Amino acid sequence: MLTSNEFILNLGILLNALHELSDLSLQLQNRDLGLASAHTIIERTIRVIDSMVETQGPKLKEVNLASQEMSFKGVKLTSHKNVQRINSSQFFRSLSNNLKSRLFTTQSSNSSNNVPSKFQEEYDQLLSDLDIFAPKNWPDNFNIQYGDDCIRRLSKKFKVDEITSVRGFRQFKDTKEDNVEDLKLLTTAIKCIAISSSECERSFSSMNEIVSPKRNYLGSVHISSLVFINCVGPPIDKINTTKWMESWVKKGKRTAEEQNCPKRMKRTEENDSYKSLWNLIKE
């Protein structure tokens, strides 16, 4: 069965699809990714998959050549009529349509989908408003009030002060500086839009590591604190822990050198996205 010609052809189709979806997943896990950028990445992936309806991907080309030679990686292939061959065009078209139906929306995933057009219009309007922050999308000559309506809609949606945001955006149009004080509240709210569930999944993975059989008596408060430290805390060599260690020992607690304590793994990797938070700890 594994050496059948049909199985190898199906495998090539699936590998092409999984390669694109895996790359999409990795890109969406980027902590610095914004909503507009994420939408662009998803649409680009959809276009790639659409193109595979007519143009074969690299893996499918490889297995098609092997199919003609009836040999793959030195293994002789045989034909098995019981193995149903996947229609590649139909498969990629269906995959593309499925991705299109799962594009971002302003509707909750557990809500009824009775009026999808309304939510699609709201989402399209949101994307259009977010594009106003990209100077490359501005016309060469524009009125001083250009984009103010977009900022007002965004301010209303994210519940920030409209007058301050519009004032900050007008300053941004003149200076094109990223750190306009009056615009920070709105841009911060926009950056807080969750693109994927990757952060939640990281937290659950961290919790599974912390709540081990040896730590099954930890309470929810301590677990929450440990998960927070593990997920966003700095490596041990980036923070002076002396005062906390001294306080711990003075209370009669055991030190990390105790023979009966499990050894801790030294955390060496760095994540630049949390450096501003680590600097606060040092103060």
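Q: Does Cys231 count as buried or exposed?
A: The cut-off to keep in mind is that buried means under 20% relative accessible area. Cys231 counts as buried because its relative accessibility is 18%. Bear in mind throughout that this is a predicted model.

Q: What is the relative accessible area of Cys192?
A: Exposed means over 50%. For Cys192 the value is 60%, so this cysteine is exposed.

Q: How many disulfides does the count come to?
A: The rule asks for a pair of cysteine sulfur atoms within 2.5 Å. Applied here, it gives zero disulfides.

Q: Which pattern does the protein chain follow along the sequence?
A: Start with the inventory: the protein chain has twelve helices and two strands. Reading along the sequence, the order is α-α-α-β-β-α-α-α-α-α-α-α-α-α.

Q: How many of the contacts between residues at least 6 apart join residues at least 24 apart?
A: In the protein chain, 66% of those contacts do. Lys275 itself sits in helix H12, which covers residues 275-282. With 38% relative accessibility, Lys275 is partly exposed.

Q: What share of the residues of the protein chain counts as buried?
A: The share is 29% of the 283 residues.

Q: Which residues of the largest nonpolar core touch the most other members?
A: A nonpolar core is built from buried residues joined through side-chain atoms within 4.5 Å. The largest one here has 42 residues, and the members with the most contacts to other members are Leu28, Leu35, Phe92, Phe169 and Leu186. Elements giving two or more residues to this core are helices H1 (5-28), H2 (35-51), H3 (58-69), H4 (88-101), H5 (116-130), H6 (148-158), H7 (162-175) and H8 (184-191). There is also a second, separate core of seven residues, with Ile210, Val227, Tyr274 and Trp278 among them.

Q: Is Asp129 buried or exposed?
A: Asp129 is buried, at a relative accessible area of 3%. This residue lies in helix H5. Beyond its neighbours within four places in sequence, Asp129 is in contact with Cys150, Arg153 and Leu154.

Q: How many salt bridges does the structure hold?
A: Side chains of opposite charge can pair when their charged atoms come close. The structure holds eleven salt bridges. Arg152 takes part in one with Asp149, at 3.2 Å from N to O. Both residues are in helix H6, and because they are three residues apart they are separated by about one helical turn.

Q: Where do Arg152 and Glu162 lie?
A: Arg152 also forms a salt bridge with Glu162, and here the closest N and O atoms are 3.4 Å apart. Arg152 is in helix H6 and Glu162 in helix H7, so this pair ties together parts that are ten residues apart in sequence. Arg152 is partly exposed at 26% relative accessibility, and Glu162 is partly exposed at 35%.

Q: Which residues are linked with Arg202 in a network of salt bridges?
A: The network links Arg31, Glu199 and Arg202. Within it, the side chains of Arg202 and Glu199 meet at 2.8 Å, N to O. These two are three residues apart in helix H9 (residues 198-210), which means a separation of about one helical turn. Arg202 is partly exposed, with a relative accessible area of 29%, and Glu199 is partly exposed at 31%.

Q: Which residues form a nonpolar patch on the surface?
A: A patch takes residues with over 30% relative accessible area and no salt bridge. Here Leu226, Phe228 and Ile229 form one, and together they have about 290 Å² of accessible area. Phe228 belongs to helix H10, residues 220-232. With a relative accessible area of 51%, Phe228 is exposed.

Conventions: Residues numbered from 1 in each chain as written. Predicted model: local features only at pLDDT ≥ 70, side-chain atom pairs only at ≥ 80, totals over all residues. Heavy atoms only, no water. Patch = residues over 30% accessible without salt bridge, like charges linked within 9 Å, V, L, I, M, F, W, Y side chains within 5 Å. Areas by Shrake-Rupley, 256 points an atom, 1.4 Å probe, with all protein chains shown as cover. Salt bridge = Lys/Arg side-chain N within 4 Å of Asp/Glu carboxyl O. Helix = DSSP H or I, 4+ residues; strand = E, 2+ residues; numbered from the N terminus. Buried < 20%, exposed > 50% of the residue type's maximum accessible area, 1.4 Å probe, protein only. Contact = heavy atoms within 4.5 Å.
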